[in-house]
Amino acid sequence: MWKTILATLFAIVTSFSLLSIKIPKLYYHSLYISDSYSNNVSISDHLYTLTQRPHVAGSQANADAANYVLSTFKSCSIQTHIKSYDVSLTYPVSRYLTLTYLDDEPVKFDLRQEIYDNDPYADVASEVLPSFHAYAKSGLAIGPVVYVNYGRVEDYETLEKSGVNVSDCIALARYGKIYRGDIVRNGYQAGAVGVIVYSDRKDYGGEKWFPDEKWLPPSGVQVGSVYNGMGDPTTPGWASNTDCERLSEEEVEKEGDVPLIPSMPVSAEDGETILRSIGGQVADEDWQGSKDGPTYRLGPGPGIVNLSYIGKQVISEIQNVIGVIEGAEEPDRFVILGNHRDAWTFGAVDPNSGTASLLEIAERLAKLKKIGWKPRRTIVLCNWDAEEYGLIGSTEWVEENREMLASKVVAYLNVDSGVSGEEFQASATPQLDELLKQATKQVKDPNNSSQTIYESWTGSSNAPYIGRLGGGGSDYASFLQHVGIPVADMSFGGGYPVYHSMYDDFVWMKKFGDPNFQKHVAGIVQNSDLLMVASVWGLVALQLADEEFLPFNYLSYAYELQRSAKELEDEVLEEGITLLPLFKSITELAKAATIINKQKKEIEEARRWPSLWKKDHFVARELNDKLMMAERALTDREGLYGRPWYKHLIYAPSKHNDYGSKSFPGIYDALETAKNVNNVEAWKFVQREVWRVSRAIRQASLVLKGKLT
């Protein structure tokens, strides 16, 4: 009897002792990326469910998808709510496009994407919106056609040198290289009265096409927005809540971010029909299309196009789904993960491959919580709405919560199209470079289990390529470019042929984008242990949320700025512009980064000897605050000249390509103007922009030092 009592007491004491043991966070992190915590079936089911119907922003189908995300988060015991906004969206009412060529019978285009044989979504294909450009100008445009290649500024310069006048013509541009909104704006600035954008077979087509191969069918049309701003156009800089202040349509046009001429997207098939009606000079070789296509000529005419588009503007409700896992030690510090949910059509790649990965992360974190894990800092899971129209859901949320985000957010981690191919890609602000490298070293390559993602990402190079995030291509933009929050964006694959067409469906993903869904999860597929996007994305978040000292390295930032400054120097060398203030400020940043890295190392070493270390939580907190706030110092409250919404002086979109950017956008904007007008005042303004960027970098150095001057 006594032996039984003693054994019972021993078991109770032992259980309490085990409960009191603090399990290292690294243990939970290793579990997170383990085979046992991933679920290949579940993530496939999520993607299948999300892509059963077209779900454009403002539709009931997209509201249903929001409720699906909400219920999934809640089933993971994550505190979740929907934050709605009333925003201005546009939809097509009528479209009409005809081509008149010499004495031939006029061609009337039907502007339809064809259903393919055995299409499982044929019954809901009618729910796909007619192909259109969101925020396109309603109106009628008639004129001879000019072929403008990709519609870039340099393409119009080539036409001018060739003696081709675009004024009062319809510009025909192929999509690629730059954002479609800039294609339309560049056409307007060149004098065009309308713009037609098509998907060239050279870029998106093949001898066979979907569903037999991955390529865009001849009738496929890439739709999308032509709005050049961020967020609801009627509420620039403030959130679109019910009964808020709004700009009128006339005031929105004066802001300069919506098109002032009609535009329309068309298929490769229709684009080639129009190209055959264009005469004049033969375009250069790099302007030509596929080998079996027509000879591309510049025009204008003799083909005459009649383009009519009528759209409607509607104040629609959109829903962001926000899930919060509160931090145990620093609940007022946030690590945010974001992906958007709305799609132009079915959205299997863009964006719901990312949405399914976000739901997989939620489910894995729920498993960790059940065995005792709690994040040190708060993790916020965000599923955005209306991204496709102009990053609207995320931007409205950031504008509404701007001050809180500026003071509390550690980093924002974005995944848009999670999977469209095999190669891992990542972009980030430079202090996150090392963190991304370390995370990918722990995850197996889904296409080659004998190596890590890091090894396949690096390839034959000494280091992997990490892009920068000056472009406005996804929901990271408002966090970085408006508030100054460190960000990262990652995916498998990049551009893909059926982008923004009705063929971006579950069938395409299953056959070509991600067979067996190997790139979504870190699970067993055909008895192979494969680690994927959800693993890297979630692991980076866990390290940011759980490590006592933030894994930021501003030396990487200084080195990146040094490289960018060297590139800039080559462009201003003969113009009397000095970059000495810029180089000096970058040197100061490198010194400050070296000092704070040394301080962190000394603290970590001291903690190995408890007798020499008096535990003080404020030491870690103070150091982390310096690391967190240094990025904010690279913003300017006045914003870029002529583009005040963009506050970041290092990363923002190029003036003529929303998807592209170089570092120092304000300097490059001024440099472009100076080269065009070539007067003393313009070059002085370039020098002033150099000084402004230099001051911002110096402010970042002072933040890292943490002492008043």
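Trainee: How far apart are the mean positions of the positive and negative charges of the protein chain?
Mentor: Lys and Arg count as positive, Asp and Glu as negative, with His and the chain ends not counted. Each charge is placed at NZ of Lys, CZ of Arg, CG of Asp or CD of Glu. Here the mean positions of the 71 positive and 94 negative charges lie 9 Å apart. This is a predicted model, where local features need pLDDT of at least 70, side-chain atom pairs count only at pLDDT 80 or more, and totals for chains, interfaces and linings use all residues. Residues are numbered from 1 along each chain as its sequence is written, and side-chain values use heavy atoms, with hydrogens and water left out.

Trainee: How many aromatic pairs does the structure hold?
Mentor: Rings of Phe, Tyr and Trp (its six-membered ring) pair if their centres lie within 6.5 Å; planes under 30 degrees apart are stacked, over 60 edge-to-face, the rest tilted. The structure holds 28 such pairs. In one of them, Tyr-135 and Tyr-389 are edge-to-face, 5.8 Å centre to centre with 85° between the planes.

Trainee: Which parts does the pair of Tyr-135 and Tyr-389 tie together?
Mentor: Helices (H or I, at least four residues) and strands (E, at least two) are DSSP runs, numbered from the N terminus. Tyr-135 lies in the loop between strands E3 (133-134) and E4 (139-147), and Tyr-389 in helix H11 (residues 387-390), so the pair joins parts 254 residues apart in sequence.

Trainee: Are Tyr-135 and Tyr-389 buried or exposed?
Mentor: Buried means under 20% relative accessible area, exposed over 50%, partly exposed in between (1.4 Å probe, protein chains only). Both tyrosines are buried.
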